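Please read the numbered points below with the structure open beside you.

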Amino acid sequence: MRLMIESLNIFKQFTNLSKDQKGLFFIFFAALVPLSYKLISPFFIIAGLGEYTIIITPTLYVIGFLMASSIAKRSITVKDILFYLFLVTFFLLSPAFYPSSLNFVEENTQKFLLNVVPFFFVGLCMSYDRDRDVLLLVARIGFWAQIFWQACLLLGFVEMGESFDDTLGEQMETAYGFLFSLFFLFHNAIKRRDICDLVMFIIGTFLLLSMGARGPIIVLAFYILIYLIVFNTHKKKNVFKKLIVIIFCFLFYYFLTPIMFFLSFYAEQFGFSTRVFRSILEDQMTNLSESSYRDEFYGNVWDAIRNDNTLLGYGFGSDRLFTPTGGYTHNLELELLVSFGIIGGGLILCILAFRFLKSLQHGGETKIFSFMMLCLGIVSLQFSYSYILFPSFFIYLGYNTALLRTNAKELKAYVR
């Protein structure tokens, strides 16, 4: 009952936001809850405007940036625009330096430069200290959007391919799009001891397990484990309480089999996918040879990196040239190294690592949120997707840039 009452308060929370906060809500909702498009598009179709569904997401961004224009002006600098223009130029001209990347660049120019890289500006407008209430609202609405979407799938209102056992098929894109909501709900449940958010997180985790995609589960498990052991500190008996967490994790792992059997039974009863449950029960979650040919992907791409005499790589999307199926590598580090070589790719990876470590200079919850965004934009790319087609990677880059600028301003103020 309290959960339903709390849900109704979501609308009240939205109306209480300032104009700038409402603008940020539209921006973050469109960026961090990809289901927003799927939830709005049916209304267009019912109204006979199906051909105009393409304007839904851009409209949310336009409304958001207009309402939050004062924040956007302070957050986005000339340097940021020049960075975007540099990426555009480098991407378009790269076939001159990497002829083998010509086909990939021609096929992905529009999506990469218009639908992926601009998310860098979304991250630039993000500040945990200022936007915590907005981000929490986005996470909560994202949860209910997921509940509604899964209900539509189960009731047959939305067509989707089924697996061999007549349950719902794999929902990898939906699962990754659900991670932000789960990350933030867990964080708020721990820090604010909010029971409603904890209940939503538990239900959401069950839904995530039932989407048939293993990568998001590993990312979520990594986030929770590092969050509890490293980032969540206690004022009293910190070491003792973290020891309790570690013991609990071992107990959870010990009883993992009966827990998975129990959850798998109910997932199958509802009609959800049981692929992840089977993977855990059959010890295939971290078995590379059972991970959709990733062992062959990694091996072939690593061989290409070692055989690169120029040390400058093969160009954008070149990992597709060396995988057995012509798909992406499913690993950020290998993709960058094969694209730009030990020199270029190695430099990019060093910069990413340095920038994250520097972002940890912020204390408290800001540091935790930085880790959250790292999991969303970087850790996810260890198992699935390609950074070229993954907006969350550029959201992380933008947020990390904004955070480092805050660090620099605070340092200057301290020196003065």
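1. Angles under 35 degrees count as roughly parallel, those over 145 as roughly antiparallel, those from 65 to 115 as roughly perpendicular, and the rest as oblique. Axes are lines fitted to C-alpha atoms, for helices over the stretch in contact, and the angles run from 0 to 180 degrees between N-to-C directions. Helices (H or I, at least four residues) and strands (E, at least two) are DSSP runs, numbered from the N terminus.

2. This is a predicted model, in which local features need pLDDT of at least 70 and side-chain atom pairs count only at pLDDT 80 or more, while totals for chains, interfaces and linings use all residues. Residues are numbered from 1 along each chain as its sequence is written, and side-chain values use heavy atoms, with hydrogens and water left out.

3. Start with helix α2 (residues 19-32) and α9: their axes cross at roughly 45° and come within 9 Å. The two helices are therefore oblique to each other. Their crossing is right-handed; a crossing gets that name if the near helix is turned clockwise from the far one by less than a right angle, and left-handed if anticlockwise. On the α2 side the contact is made by Q21, L24, F25, F28, F29 and L32, and on the α9 side by R130, D131, V134, L135, L137, V138 and I141. By class, this contact has 10 nonpolar, one polar and two charged residues. Here Ala, Val, Leu, Ile, Met, Phe, Trp, Tyr, Cys and Pro count as nonpolar, Asp, Glu, Lys and Arg as charged, and the others, Gly among them, as polar. Contact means heavy atoms within 4.5 Å.

4. Helix α9 (residues 128-154) also packs with helix α18 (residues 364-377), where the axes come within 10 Å and cross at roughly 65°. That makes α9 roughly perpendicular to α18. The crossing of this pair is left-handed. Y128, D129, R132 and L135 of α9 meet E365, T366 and F369 of α18. The contact of α9 with α18 has three nonpolar, one polar and three charged residues. L135 is listed in the contact with α2 and again in the contact with α18.

5. How are helix α10 and helix α11 packed? Helix α10 (residues 172-192) and helix α11 (residues 195-209) have axes 9 Å apart, at an angle of about 150°. That makes α10 roughly antiparallel to α11. The crossing is left-handed. The residues that meet include F178, L182 and F186 in α10, and L198, F201 and L208 in α11. In this contact, 12 residues are nonpolar, three are polar and one is charged.

6. For the protein as a whole, the count is 19 helices and zero strands. Its radius of gyration (taken over C-alpha atoms) is 22 Å, close to the 22 Å that the globule rule gives for 416 residues, so the protein is as compact as a globular protein of that length. The globule rule is 2.2 Å times the number of residues to the power 0.38. Along the principal axes, the C-alpha atoms fill a box of roughly 60 × 60 × 55 Å. Of the contacts with a separation of 6 or more, 73% are between residues 24 or more positions apart.

7. Of the 416 residues, 48% count as buried. Buried means under 20% relative accessible area, exposed means over 50%, and partly exposed is in between (1.4 Å probe, protein chains only).

8. K237 has a phi of about 55° and lies in the loop between α12 and α13 (238-254). H330, with phi near 70°, is found in the loop between α16 (294-306) and α17 (332-359). Is each one buried or exposed? K237 counts as exposed, at 63% relative accessibility, whereas H330 counts as buried, at 12%.

9. Some helix residues are also worth a look. T174, in helix α10, counts as buried at 9% relative accessibility. Leaving out residues up to four places away in sequence, T174 touches K38, Q146, W149, Q150 and M211. E333, in helix α17, is partly exposed, with a relative accessible area of 25%. With that sequence limit of four places, E333 touches L349 and Q382.
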